Every structure is written in structure tokens, then in C-alpha cells.
Amino acid sequence: MEHNATSTFYQQLLAGAQGSCGQGLVENSGFRYLLMGIFAVHKDAASLATTVVPFTLSVHLLLLGGLVAIVLPSFALILRTWSSPKTVNSTDVQAVRKEPTIQVPQRVLQDPKKKRVSVFFGTQTGTAERFARELAEEGGSRYHNVRFEPIDLEGYAGDEREYEEKLKMENIALFMLATYGDGEPTDNAATFYKSFVEKGEGSWLSGLQFAVFGLGNRQYEHFNKVARVVDQALEKQGGKRFVELVLGDDDKCIEDDFISWRELLWPQFDTLLRDSSDGPMCATPYAAVIPEYRVVIYEKGTELVEFNPATAKNGQSVYDMNNPCRCKVAVRRELHTSQSDRSCTHLEFDISDTGLIYETGDHVGVYAENSKENVEQASILLGYSLDTTFSLHEDSEEGTLLPGNNSIPPPFPGPCTLETALACYADLINPPRKAALLALASHTTNPVESEQLRYLASSRGKVDYSQWILDSQRSLLEVMAEFPSAKPTLGTFFAAISPRLQPRFYSISSSSRHSPGRIHVSCALVKGPTPTGRVHQGVCSSWMKNSTPSLGASEPCSWAPIFVRQSNFKLPSDPNVPIIMVGPGTGFAPFRAFLQERAMLQDSGETLGPAVLFFGCRNQKQDFIYEEEMNMYLEKGTITSLFVAFSRNGTKKEYVQNKMLEEALNIWKLLSAGAYLYVCGDAKGMA
């Protein structure tokens with residue numbers, strides 16, 4: 001999708017490409033005020049075409065405030081990233097609006113056949129789906145005459161028309177929606193979201209009672225955008241909100257937010273769902289069932305299930321998050337010099353003859369493996385040998401669903417070894433959820449340890465959970481080591497304790513025109529101490545650094561399941577349009593792809609507009625990545641100006657915003673001429 005330079009470049013600037021380490025958005029500080037000033041000037045200039053635009057007093061003040069704020073250290077630029085039943089208690093979450101008025105559709109109460117609550121979820125990592133299924137499980141236990149049905153939005157309808165037709169038939173619906181990337185819907189909710197965004201006001205949902213829970217992270221600018229938009233759209237289309245929108249914050253404890261929203265639902269459901277035939281309310285609190293898969297153990301030597309490539313449709317392979325492509329590592333090299341105490345890897349995946357394609361500016365999702373040390377520690381804590389061969393099943397031997405599973409399929413095929421399951425599918429180093437603590441407690445033989453785990457998972461232990469687990473960044477393995485009598489079964493561990501290991505996203509640092517058979521990644525190693533003293537090492541960045549590139553057809557090499565995620569971070573369709581790129585460190589990754597693309601256009605005889613690159617690193621002799629390439633593109637004219645800032649090159653620290661300040665007049669001139677301005681960098685530490 002192309003960006004309109006006269007109206008959206010300010011948003012484009014604020015939204016750094018989700019690359020390198022899943023980078024987020026530019027936020028806050030003097031940098032924003034500078035950009036607002038630039039936007040004000042640019043907007044006026046664009047509206048007057050080539051006419052010289054006089055600066056207004058308000059624009060002068062805005063620009064001055066931004067420039068001063070950039071210079072002052074206190075206003076430095078900030079980029080934001082990075083089977084024992086148990087009663088779950090709630091905590092308070094402030095709703096977005098005042099208490100709503102409940103309207104009871106008579107058709108819901110009069111016809112028992114229509115007593116269904118649809119629990120829709122839009123999920124990228126599985127959290128929204130897990131919450132939806134937990135709620136459906138509890139709802140079904142509370143209201144025996146009501147069917148709570150968790151529904152994947154992607155499978156609900158095939159197109160926008162079908163979404164509309166089906167939603168008209170809904171009576172009561174819950175929407176649990178995650179916001180992903182730059183304020184975008186999750187992959188499985190994209191079509192649904194688009195159908196709502198493009199509609200005006202109406203009354204076609206006048207028979208619908210709804211409630212929305214958002215899943216997001218407050219560190220990002222477009223916090224819970226999808227949930228906000230859908231909540232408003234449902235109301236505009238005639239829907240009646242029976243519980244106010246609540247925005248879950250994954251930067252804190254999103255489980256607490258969900259539990260609080262869930263507790264708001266039950267009193268309203270008593271009004272919406274119950275009638276005289278339901279009998280008296282049960283006073284016994286709901287006890288959540290710990291999910292557990294049925295486990296089948298096999299003898300050693302059993303044939304194992306290999307990685308399944310994506311299925312083919314119409315003769316072509318279709319790759320996505322759920323059907324990745326197995327790709328070999330073709331090239332791996334270190335980008336930092338030997339003088340650096342850090343590391344950055346240049347890695348190339350070979351996608352030739354796979355059918356996997358990408359466009360310049362896209363992202364690649366990589367499923368990496370846990371380190372050998374973490375896998376071995378996990379097997380010891382579980383009490384199983386790594387060569388244990390097993391499979392997981394969501395149903396009993398008789399074919400009925402197991403309690404608490406709600407048709408959640410196993411996270412991996414079987415039979416496979418425990419070593420493979422722990423290495424490729426289990427999230428071992430993130431802090432455990434509260435639900436995981438309850439599951440651990442149900443398999444703890446020491447009563448004291450069991451009670452401690454239950455306390456941490458309760459509302460009473462909210463502060464201790466936050467401090468001891470979240471703030472201390474205690475991993476799942478660390479918590480299990482602290483409670484050695486906890487020995488969950490493999491069925492419980494993979495169903496309720498260890499989440500599925502998620503893919504890591506990177507900006508592709510190559511042009512599809514330049515390297516159609518390769519996907520390049522530029523990845524900084526994530527490594528550093530945690531408050532507990534553990535040295536945290538990023539799963540994917542460590543895997544890339546230690547991967548073995550292919551040396552020949554018969555030589556063993558590393559490979560990973562990967563897929564491409566489309567991005568809006570694209571070059572202008574007209575190569576004559578000026579561009580300004582700001583990319584410190586591995587934030588240069590998508591701009592390397594841009595420059596390769598522009599060089600190919602040059603070679604084909606295209607005329608290019610001006611291109612300015614602002615790059616930053618610590619020291620020219622340590623981490624000036626791709627220095628030779630940048631200089632080559634400068635000499636060739638692919639970029640017209642290159643400005644490099646070094647923050648550790650001497651006594652004076654310089655950052656990209658300092659260089660931008662020096663070139664402010666030229667930047668404004670380019671923006672006045674319709675330039676696109678791009679920013680990409682480490683969303684947690686770029687400054």
C-alpha cells in the first residue's frame with residue numbers, strides 16, 4: 001500500500017518498520033514535536049504545490065520546541081518497543097465508559113434454541129484464543145442451557161459479505177481482539193476488521209448484544225487500536241454494548257485485565273441469559289479445570305513425524321504463520337568487528353525452488369529453536385529423558401474431549417521426542433502466566449510449594465507476582481527450579497504451562513528485485529543480565545549467531561521454518577519522489593533493501609529522486625555495519641547524502657537526531673517537495 005506524502009507521512013514517520021527485533025513506534029519527546037512541526041510545514045507546502053510557503057508563528061514555536069527538546073538530554077528521543085481445579089479471583093480494571101444500560105432481546109429469552117454466545121477471537125500469539133476458550137469453558141459450566149462457542153474469526157466467514165450475513169444472525173457476541181504490529185489486526189481477523197472499518201453508520205446489527213476485550217501493549221502508540229475501532233463500529237452498526245470495552249495491557253499483567261473483564265460479564269449474563277426454567281443460581285464459585293492432553297508414550301525406535309511443509313493449492317505452495325516453509329541457511333557472517341563486545345549477524349535464507357516470495361520492505365517470521373542448555377534443563381525439571389518419544393491428543397481414548405481443552409489441538413505433531421518438543425515448540429524463557437502457576441501447583445507434591453504457587457496466581461498475590469516474576473524477569477525454567485516438587489505431566493506441561501514458542505519477526509534486509517532467491521536478515525544479538533542474575537539470551541538471535549550455513553548439497557546445515565508477512569513499509573511507487581531514511585544500527589535493515597531496489601532501478605535506466613540516509617552506531621571501528629555498501633551506494637548516486645552519527649567514537653556523543661538537526665533546513669525542503677520520511681530502529685533503545 002502506498003503512502004500519501006501530503007497527509008500520512010507524519011504517521012509513517014512515527015511508525016518504524018516492525019523489523020530487526022520486531023521494532024515498534026516512535027513515541028514522545030522532542031523528536032515528535034520536531035516531526036509535528038515538519039508536518040505542519042510540509043502540509044502547507046503540499047497544499048500550495050510549488051509555491052514558497054511562509055512559516056507561521058505557531059509552526060515556528062512547534063519546531064523550536066521540538067529542536068530544543070531534542071538537544072536537551074531530559075527530552076531524548078524514545079522508541080518504544082521492547083489438574084487440580086482452582087477458583088480464579090478477579091481484580092479491578094477501569095472500564096473505558098460509564099456503566100451501560102442492559103437491553104434484553106426477547107428472542108434470546110423466548111427461544112432456548114437461540115441461547116448461544118459466540119466468543120470471537122483475533123489472535124496472533126494464541127493468548128486471545130486461550131482467553132476465549134477459558135471463558136467459554138466457564139460460561140458453559142455456569143449456564144447449562146447456553147452454548148458458549150469460541151470462534152476463530154478467520155474461519156467464521158470467507159469474505160466481507162458472508163461476515164455481514166452471519167453477524168446479522170448473532171444475538172450475543174464477545175470479541176477478544178489483539179492489536180498487532182503498527183496498529184494492525186491479527187492475520188486471522190484481517191478480513192473481519194476490514195469489513196467493519198469500511199462501513200458507515202447503520203442498523204443492521206440492531207439485534208446484537210456485544211462486549212469487547214482488547215489485547216495490546218501500552219508501549220506502542222496504537223495501543224489496542226483494533227479493539228477500539230471494532231467496539232465503536234459495532235455500536236455504529238446498531239449493536240448494544242452490555243459491558244464496557246476493557247483494554248488489556250500486556251506490558252503489565254494482561255491476565256489480571258482479562259479476569260476483571262470476565263467478572264464484569266457474569267452479572268450481565270444473568271440478565272441476558274437466564275429465565276424461569278433455569279432454576280436458582282449456583283452459589284459455588286467456578287473452579288477452572290487445568291487443561292491436559294492425553295499422552296501416548298512410544299517405544300524407542302518408533303518412526304518420528306518430520307516437519308510438514310506447507311500444503312499446495314492450485315499447484316503452488318501456500319506459506320503463512322501456520323504453514324511455514326523449511327529454508328536452509330545459505331550465508332552467515334558477523335557484521336561487527338573483532339573490537340566490538342557485541343554481535344550482529346547477517347544471515348541469508350535460501351528460498352529458491354520453494355515457491356516462497358516476498359516484496360521489498362516485507363518482514364520475515366522465523367521459528368527458531370531453544371538453546372541446548374535450556375532444553376536439557378527443562379527435561380531435568382520435568383523428570384523425563386530427552387529421548388522420550390510421545391504424542392499428544394486432545395481427546396480421550398473413547399474419542400470424547402478432555403475437560404478444559406475445548407478442542408485445542410496439540411501444538412505439534414507426533415510422535416516426536418521430548419528433545420524436539422522442548423527445542424522447537426515450548427516457550428521456556430519468558431515469565432510464566434498465572435494460569436501456568438495454577439497448573440504447576442496442581443502437580444506439586446510439597447504442600448508449602450503448592451500454596452505458594454496458588455498465592456502468586458491469586459488476586460491476593462498480585463503485587464508479589466508482579467515483583468517476583470514480572471519485574472525480576474523470572475523465566476518459566478527459573479520458577480520451576482524454585483519449586484522442585486512440581487512435576488507436571490507432559491500433557492499438562494504443553495497444554496497449560498508452556499506456551500507455544502512464537503516466531504520472531506525481522507525486516508527483510510534485501511530487495512526481492514536484487515535477490516529473489518534469498519531472504520536477508522540483519523539481527524543484533526540479544527544478550528544481557530536479568531535482575532535475578534540470569535544471563536538472558538534471545539532465542540532467535542542466538543540461534544542465528546550459532547547457525548551453520550550451507551557449504552554444499554551434501555553438507556549438513558542449519559534450517560528454520562519461515563514465512564513472509566506483508567508490510568506497508570514500502571518505497572514510493574514513483575522513483576523520482578525524494579526519500580529520507582533514518583535507521584540507526586539494525587534499523588538500517590529495510591533501507592538496505594530500499595537501496596538495493598533503487599540500484600536495480602538505476603541499472604535499468606530509471607531516473608531517481610534524491611535519497612538521504614541518516615545512520616547511527618557506537619563506533620566506526622566496531623559496529624559500522626554495511627559500511628562498504630553504504631559508501632558504494634553513495635558513490636553510485638543511489639543515495640545522494642549519507643550522514644553517520646557515532647555515540648561512542650570519542651568524547652562527544654552524537655545521535656541521528658543531532659545530524660537531523662544540523663540538516664533541518666534541507667529536510668524541510670525535501671518534505672516540501674513531497675519527500676517520504678521513514679524511521680526504523682530498535683524500538684526500545686533508539687536515541
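Two strands are taken as paired if DSSP finds at least two bridges between them. I keep this criterion at the head of my notes, and I record that the model is a predicted one.

**Entry 1. An open sheet**

I looked up the sheet that contains β17. Three strands form this open sheet, and their order is β11-β17-β18. The pairing is antiparallel. I then asked which strands stand at the edges. They are β11 (294-298) and β18 (416-417); each has a single partner strand, so one side of each is left without a neighbour in the sheet. Strand β17 covers residues 389-393 and is joined to β18 by two bridges. I noted that Thr389 has Thr417 of β18 opposite. Helix α17, residues 490-497, lies across β11 and β17. I recorded its direction as about 50° to β17.

**Entry 2. The whole protein**

I next took the overall figures. The protein has 27 strands and 22 helices. Of its 687 residues, 52% are buried.

I looked up how many residues of β8 are buried. Strand β8 spans residues 209-216, and eight of its eight residues are buried. I sorted them by direction: Gln209, Ala211, Phe213 and Leu215 point one way, while Phe210, Val212, Gly214 and Gly216 point the other way. Both sets are buried.

I then followed the pairing. Strand β6 (residues 172-180) runs parallel to β8 and is joined to β8 by seven bridges. Within this pair, Ala173 has Phe210 as its bridge partner in β8. Strand β9 (residues 240-249) also pairs with β8 in the parallel sense, over seven bridges. Here I found Gly214 opposite Leu247 of β9.

**Entry 3. Strand β14 and its partners**

I turned to β14, residues 325-334. Six bridges join β14 to strand β15 (residues 344-350), and the two run antiparallel. Arg332 has Leu347 of β15 opposite. Strand β23 (residues 559-565) is joined to β14 by four bridges, again with an antiparallel run. I noted Trp559 in β23 as the bridge partner of Lys328.

**Entry 4. Two helices in contact**

I examined how α19 (residues 589-603) packs with α20 (residues 627-636). Their axes are 11 Å apart and meet at an angle of about 35°. I recorded the crossing of α19 and α20 as left-handed. On the α19 side, the contact is made by Arg592, Leu595, Gln596, Ala599, Gln602 and Asp603. On the α20 side, Glu629, Tyr633 and Lys636 take part. The residues of this contact comprise four charged, three nonpolar and two polar.

**Entry 5. Two single residues**

Arg274 sits in the loop between α10 (254-273) and β10 (287-288). I noted that its C-alpha atom is separated by 8.7 Å from that of Asn145, although the two residues are 129 residues apart along the chain.

Ser542 belongs to helix α18, residues 539-546. Ser542 also counts as buried, at 12% relative accessibility. I looked up what Ser542 touches. Leaving aside residues up to four places away in sequence, Ser542 touches Leu525 and Gln537.

Key:
Residues numbered from 1 in each chain as written. Predicted model: local features only at pLDDT ≥ 70, side-chain atom pairs only at ≥ 80, totals over all residues. Heavy atoms only, no water. Axes fitted to C-alpha atoms, helices over the stretch in contact; angles between N-to-C directions. Left-handed = near helix turned anticlockwise from the far one by under 90°. Contact = heavy atoms within 4.5 Å. Nonpolar A, V, L, I, M, F, W, Y, C, P; charged D, E, K, R; others polar. Buried < 20%, exposed > 50% of the residue type's maximum accessible area, 1.4 Å probe, protein only.
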